[in-house]
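Dear colleague,

Please find the structure below, handed over for your own work.

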Amino acid sequence: MVKRPRAPRSIPLRETPAPDIQGGRRRPRDPAQPTLPFDPMPDRIEPCLALLKSSAPSGSDWIFEVKWDGYRLAVHLDHGRVRIITRGGHDWTHRFPSIAAAAKALPVGTAILDGEAVVLDEMGRSDFNALQQALGGRSGKRTAEEAILIAFDLLYFDGHDLQGLEQESRRHLLEDLIPADSNGGIRLSQEIEGDGPAIFSVATEHGLEGIIAERRGEPYRSGRGGEWVKIKCIQSEGFAIIGYKRSTDAFGGIGRLLLAAMKDGKLTYVGGVGTGFNQRSATDLRKQLDKIVIDKPVSAIGGKKTAAVWTQPLLVAEIEFRAWTADGKLRHSSFKGLRDPGDAEEIYEII
């Protein structure tokens, strides 16, 4: 039986004419159309909060920076449009014109910066009182032209959400966007090389607020999960004002503020503060307190009956102090200012 010849499976390459692979678009591409899929820009990101620790960690897996004393802000840049959002979600773009102008000048179309608005003293340290005075307290009627943003994280960049990246990668992108020698309205919070305890010791010697340690390999997580920790050189916390004692000799007629912290979900009296005021801050504070007067204290004071003006616990004071007494009261306390309304919920909790 004769087999029929089979056709070759393919035509030899050398004898195959080159196919016409030149195609054409059905219509010209819109230059504004992205060539890669972009992540939607978040309207707001809840900030990552540092967990307070009594000592600095050691090891190469930590990034160390200065702890800045100001207002936590997120700066959103979207093709020339800037929004500056406080930790509590308030839009304070109008209150930080220098930061807004600096954000518009950044060489990127879209970005979200995480940082701290500060006013620096002559030594380059953040001055919380100076920032508050520049902003005019909680009234929101003044702007802080001299305030700058110390940026320490980059959460969104050029159309991409960076929250899932590890800290070190986000920091490299931030350093590319904001040079270390930048001295404008937005500056880089520079990484400090060395071991945590040694860095903390130097920060204390220089009178700084403290240091922040961030794990290099962790993504950005909202809340206080421990990826970031803070170690304070000076103890400073927020306490609810529950009343005040009058004085004819003191600034604003405030002889002493009465303060409370949170314990087991309730306000607990922790003593008072009678120093740190000036005429302007005390007068402004007195006006605000007199609008929220109530008949009796929201927390038991203990001991003898105290003659005071009691108020609703709506105002939170930033208090610097040295230590705690044996009966749970603040020792050597000093008033630094009122917390931003967006941070008012951050009352010190006694554990």
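In what follows, a residue is called buried if its relative accessible area is under 20%, exposed if over 50%, and partly exposed in between (1.4 Å probe, protein chains only). This is a predicted model, in which local features need pLDDT of at least 70 and side-chain atom pairs count only at pLDDT 80 or more, while totals for chains, interfaces and linings use all residues. Residues are numbered from 1 along each chain as its sequence is written, and side-chain values use heavy atoms, with hydrogens and water left out.

Salt bridges

The structure holds 19 salt bridges, each defined as a side-chain nitrogen of Lys or Arg within 4 Å of a carboxyl oxygen of Asp or Glu. Among them is the pair Arg 339 and Glu 318, whose closest N and O atoms are 2.4 Å apart. Arg 339 follows β19 (334-338) and Glu 318 belongs to strand β16 (residues 316-321), so this pair ties together parts 21 residues apart in sequence. Both Arg 339 and Glu 318 are buried. Helices (H or I, at least four residues) and strands (E, at least two) are DSSP runs, numbered from the N terminus.

Arg 72 and Asp 114 also meet through their side chains in a salt bridge (2.8 Å, N to O). Arg 72 lies in strand β3 (residues 71-78) and Asp 114 in strand β5 (residues 110-118), so parts 42 residues apart in sequence are tied together. Arg 72 is buried at 12% relative accessibility, and Asp 114 is buried at 3%.

A further salt bridge joins Asp 153 to Arg 170, with the closest N and O atoms 2.9 Å apart. Asp 153 is in strand β6 (residues 148-157) and Arg 170 in helix α3, 17 residues apart; both are buried.

The open sheet

Four strands form an open sheet in the order β1-β10-β9-β2, with mixed pairing; two strands pair if DSSP finds at least two bridges between them. Its edge strands, β1 (51-52) and β2 (62-66), each pair on one side only. β2 and strand β9 (residues 210-215) are antiparallel, over 5 bridges, and Phe 64 stands opposite Ala 213 in β9.

Glu 227

Glu 227 sits in the loop between β9 and β10 and is buried, with a relative accessible area of 9%. Contact here means heavy atoms within 4.5 Å. Not counting residues up to four places away in sequence, Glu 227 touches Trp 62, Ala 213, Glu 214, Arg 215, Glu 218 and Arg 221.

Yours sincerely
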